[in-house]
Amino acid sequence: MRKKAVIKTRKKRDRISVILYVLYLVMLIGSTCLIGKLVYLQAWFKPDPRIKAALTPQSTRIVTQPVRGNIYDCKGKLLAMSCPNYILHMDCTVQKSNYEHMKDREKGMRLENEWRAKAMDLSVELAKVFPEKKARDYYKMIINGREKGSKYLAIGTPVDRKTRNRIIEFPLWNEGAYKGGLIIENDNIRVYPYEKLARRTIGFVRSNKSGVSNTHIGLEGHYDKYLHGQEGIEWQRLTDNGKVRDYDSTYCTVVDGQDLYTTLDIDYQEIADKALRKGIENEPDVEGGCLVLMDVKTGAIRAMVNLTRDNGGRGRFEEISNMAIGRKAEPGSVFKTVTLMTLLEDGKISSLDQTIPTNHGKVEGAKIPVDAHIQQYEVQNHTNRISILKGFEMSSNYVFATLALQNYVNEPERFLSYINKYHLNETPDFDLDGWRTPTIPTPQTRYWTNADLAAIAYGYSTQETPLHILMFYNAIANKGVMMKPYIVGEPVKMDAICSEQTAKTLTRALQGVTNEGTAKALKDARSNVAGKTGTSFATFDNGKYQDEHGRRKYLGTFAGFFPAEDPQYSVICSIYSKATTKSFQGGGIPAVAVKSLVDQIYNIDPYGQIRITK
Amino acid sequence: MKLSFAKIWTLIKNSFKAVLKGEFLFRLNTQNYFIHIVYTFFLFALIIWMSLKIDNAMLRVEKNNREIEELEIVNSQKTFELVQVSKRSAVKDRLKKMKSTVTENEKPAYKIDK
């Protein structure tokens, strides 16, 4: 049997396929190694912790501060805004160790000397920007810092952007942070373009970093939660080219604060501020004063000036406390208008021309001082009767005490219920914190006598803030309708506190005061002003209205509105004196300040425009 | 089909041999799914490319944000300066300094009604 030849056929590979096969093998081995390495790195490899920390991309938590809302006046002018300030520090030790440890010692010394020479040039420039120190002081400070190893030396005061741009071009600092050592930190601070104008009304915060915690003054304090906004929090991861937001992490979008639109008119505020300052600045016995201007039809506050002497009552006038809302006192004769309104509304008198006996100024039925003005009146006019209008014009305590006692001695609650009706016993909501609630005694109060009723009638025994009084006078100007004072928001009608006819009668009486009475200083005002003066004394610690030296503390007030024929603005000005022998009447500084305000507003306000029909 | 250790061993051995010969994928008949494999690779490449693009875009966003912030700073600074110089008293002082005859209104404006 022939043995079958077994031929083992081998695949014949051509050259290309061999090369490809070798390449394939090489890649296969390579990839096997790579996979092996990957498995090793993932499963067993433990890197040096420092290298791991340096190479691991880190996420950084960034807190973004919201931009605090702006505050605007009624014409859109900025009253408060946030603006960046730059705080400068210097790392005085830059390059110091490099120069010290240079192999070439001489070169190191030379470079150090060059650095110091540039620091001298820098000091010269710094002295120009921050003149509180001389160039040599700055140089000494920097060199001392360099020798002591100071890495965070404060330089000058915070600067604005323009100055920052100049500063970064100064010698040494223009060489960058690593050579010059300049460290700039940005801080968004609150700025007030009108500086201290209406400071107490607008309020004050340094920056938006934290809420207003130290104080609640002004609109900044009251509306802080709206102005502040909401901090944003995000995580940023490091990429090869820089930091970007890590969208895989949670984040909270920053919400900027809301803007606040107020009723203030900063031009009128400036006029009012100047008018009041002019009146009180040269009076060393004046402790302070306030002036408030209100829009009659809406109750919008257009200007609110509060000036108090700083430095314990010896310094300049500054906006330190809000007296218009925060200082209640016996209002004085401006309260006689309240009595007159009550008598008219209650039908106790029918006309201002009604007369009562003068009785030599002695009030029957209550122990109150004799009214010397009435005695003068009797002598001058050879009469023993006085009209209510005349009594109002000359601001007679006798007339109003008598009228109150004649009509309400048996029912004082009725008289007081009218005061309550005029909202003079309560404090409505307001845009500023600290509006004080008035004090009105009642027959239930201890030691109530008829004298209290008489005193209330002419403005004593009660305590009111200037804004309460203004609110009342504004209602007369607004045909009896009381408006809630406001600085932010919409007008709010409270209610009608008297009839239109009563308001008209009162306007006539108030015009009589400015034309013929105690507020004659306003007679020549550019607009016809209707208003009433009031003067009261504050009590001393001894419970009396004057101290042992016969000195008194005055509260002089003028409250009114203009133009009398079609009222647009109501105004109150109150002056508080220190203990003095000088007299500070409502018809003095307050009336003069109001006249100055009225004259200037008349020239620029649309109500004063002279209409010409084409 | 009963699975035994020997069969598994044979499978591994054959697979290894096939890998060495470069026939592994052919034996799995992957040539039928070639287009899908290519498509998958394309998708991977696309994802990597897009990821890089997103990173770049985000970097640009950050850069632009910084620029916007700078511009806002400039704007607020300018606004502040503008408000300061437009103060009634500041204007008055400047006019005085310039010896201008323009002063505060001395009487109200005329309004012409049609």
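What share of the contacts in chain A with a separation of 6 or more comes from residues 24 or more positions apart? That share is 70%, where a contact means two C-beta atoms, placed from the backbone, within 7 Å.

## Ground rules

This is a predicted model, so local features need pLDDT of at least 70 and side-chain atom pairs count only at pLDDT 80 or more, while totals for chains, interfaces and linings use all residues. Residues are numbered from 1 along each chain as its sequence is written, with chains lettered from A and ligands numbered from 1 in the order in which they are written.

## Overall build of chain A

Chain A carries 22 helices and 19 strands; these are DSSP runs numbered from the N terminus (helices H or I, at least four residues; strands E, at least two). Its C-alpha atoms fill a box of roughly 170 × 85 × 65 Å along the principal axes.

Buried residues make up 40% of the chain, buried meaning 20 or more other C-beta atoms within 10 Å of the residue's own, with C-beta atoms placed from the backbone.

## Cores

The largest nonpolar core has 126 residues, and Ala272(A), Val292(A), Ala401(A), Ala404(A) and Leu597(A) touch the most other members. Such a core is a set of buried Ala, Val, Leu, Ile, Met, Phe, Trp, Tyr and Cys residues joined through C-beta atoms within 7 Å. Helix 20 (residues 466–477) of chain A gives the most to it, nine residues. Another core of 15 residues lies apart from it, including Leu88(A), Leu122(A), Ile142(A) and Trp173(A).

Beyond its neighbours within four places in sequence, Ala272(A) is in contact with Leu291(A), Leu293(A), Ala303(A), Val305(A) and Leu597(A).

## Helix 4

Helix 4 (residues 105–129) of chain A has 25 residues and should span 36 Å at 1.5 Å a residue, which agrees with its end C-alpha atoms being 36 Å apart (the expected span is 1.5 Å times one less than the number of residues). Its buried residues are Ala119(A), Leu122(A), Ser123(A) and Leu126(A), and their cover includes helix 5 (135–148) and strand 4 (153–159) of chain A.

## Meeting chain B

The contact draws 33 residues from chain A and 27 residues from chain B. On the chain A side, strand 3 of chain A supplies the largest share, five residues.

Strand 19 of chain A pairs in the parallel sense with strand 1 (residues 110–113) of chain B over four bridges; pairing takes at least two DSSP bridges. There, Thr613(A) stands opposite Asp113(B).

How values were computed
A residue is buried if 20 or more other C-beta atoms lie within 10 Å of its own, exposed if 12 or fewer, and partly exposed in between; C-beta atoms are placed from the backbone.
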